[in-house]
Amino acid sequence: MGCLLATGYTSTCETKKKKNGLQGDVYLFNLDGPGGKLAFTEGTSPSEITDIVLGSGDTAFKLAGSKLMHTYSVDLSVPTRGNQFYMQNLILKFLEDSAADLEFTRELVAMESLVAVIETYNGKYIILGMGNGLSSVEGTIATYDVDPAADVATSVALSSEEDYHKAYFFDTDDATTKAKLEGYLTA
C-alpha cells in the first residue's frame, strides 16, 4: 500500500501575493552535542518548531546581511534502493573585510553540525539542518573579475540530507519569534 495524502493544501488569495526570496539575517547554531541533532519543541505540527533547546557547548551567532543576498533550495533524492531524502542547500553570502572575517569563513567551511534559521521575504522563519546538520560542500567561494560589481561577496555553500524539506520556526507572532532568536545568541 502506498503513502496517502492526509492534509489539504491551504492556498488562499493572500498566498498568491507572496514573493520569493530571503531576508539578510541568518541565525547559525553551532551544535557541539553528540550526533549534531538539534533539540527542539514542536508546535501544532512537525513542520512548526516553537523553541530551540541549546545544549552545553552549543553556540548561536547571527550573520547580518542584506535582503535577497542568500539563497536556499531543496532537491528531492529518490534512490532506487533506500529511503528518499531532501537535500537542503543554503548559500551564505557575505563580505570579507578583515582578518576576523577570513577566520569566520575558515570556521564556517570546517563546520559539520550547523543549523540555520533564515527569514523569508514574507516573514516566515525557515529552519534547516535540524536532523543531520548543515556542512559545507565543494564549490567556488570567491571569484575576482575585471568587473568591480562581480566581487560583491564570498559565497559558502552548505548542505544537509534531511527527512523534511523545511520547517518553520514560529512562536506566537513575529516580534516574539524574532526576540526568541535574538535571545539564543551567544555573542
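Which residue in β11 is the bridge partner of Ile49? The answer is Phe169, and the views below show its surroundings. This is a predicted model, in which local features need pLDDT of at least 70, side-chain atom pairs count only at pLDDT 80 or more, and totals for chains, interfaces and linings use all residues. Residues are numbered from 1 along each chain as its sequence is written, and side-chain values use heavy atoms, with hydrogens and water left out.

View 1. Helices (H or I, at least four residues) and strands (E, at least two) are DSSP runs, numbered from the N terminus. Two strands pair if DSSP finds at least two bridges between them. Here β3 and β11 pair in the parallel sense over two bridges. Strand β2 (residues 39-42) pairs with β3 in the antiparallel sense, over four bridges. Look for Thr41, whose bridge partner in β3 is Asp51.

**View 2. The largest nonpolar core.** A nonpolar core is a set of buried Ala, Val, Leu, Ile, Met, Phe, Trp, Tyr and Cys residues joined through side-chain atoms within 4.5 Å. Buried means under 20% relative accessible area, exposed over 50%, and partly exposed in between (1.4 Å probe, protein chains only). This core has 17 residues, and the members that touch the most others are Phe29, Ile52, Val117, Ile127, Phe169 and Leu181. Two or more residues come from each of β1 (22-30), β3 (48-53), β7 (114-120), β8 (125-128), β11 (167-169) and α2 (174-184). In soluble globular proteins, nonpolar side chains tend to be buried together. Elsewhere, a second, separate core of 16 residues includes Leu63, Leu90, Leu108 and Leu134.

**View 3. Leu181 and its contacts.** Contact means heavy atoms within 4.5 Å. Leaving out residues up to four places away in sequence, Leu181 touches Tyr27, Phe29, Val117, Tyr125 and Phe169.

**View 4. The hairpin of β7 and β8.** These two strands run antiparallel and are joined by four bridges. One to find is Ile118, with Ile126 as its bridge partner in β8. Four residues lie between the strands, and in this hairpin Gly123 takes a positive phi near 85°. Seven of the seven residues of β7 are buried, so the strand is largely enclosed by the rest of the structure.

**View 5. Aromatic rings.** Rings of Phe, Tyr and Trp (its six-membered ring) pair if their centres lie within 6.5 Å; planes under 30 degrees apart count as stacked, over 60 as edge-to-face and the rest as tilted. A search of the whole structure finds three aromatic pairs. Phe94 and Phe104 make an edge-to-face pair, at 5.3 Å centre to centre with 80° between the planes. Phe94 is buried, at 5% relative accessible area, while Phe104 is partly exposed, at 28%. Phe29, Phe169 and Tyr184 form one aromatic cluster.

**View 6. The loop between β11 and α2.** Thr172 is found in this loop. Its phi is near 70°, a positive value in a residue other than glycine. Thr172 is also exposed, with a relative accessible area of 60%.
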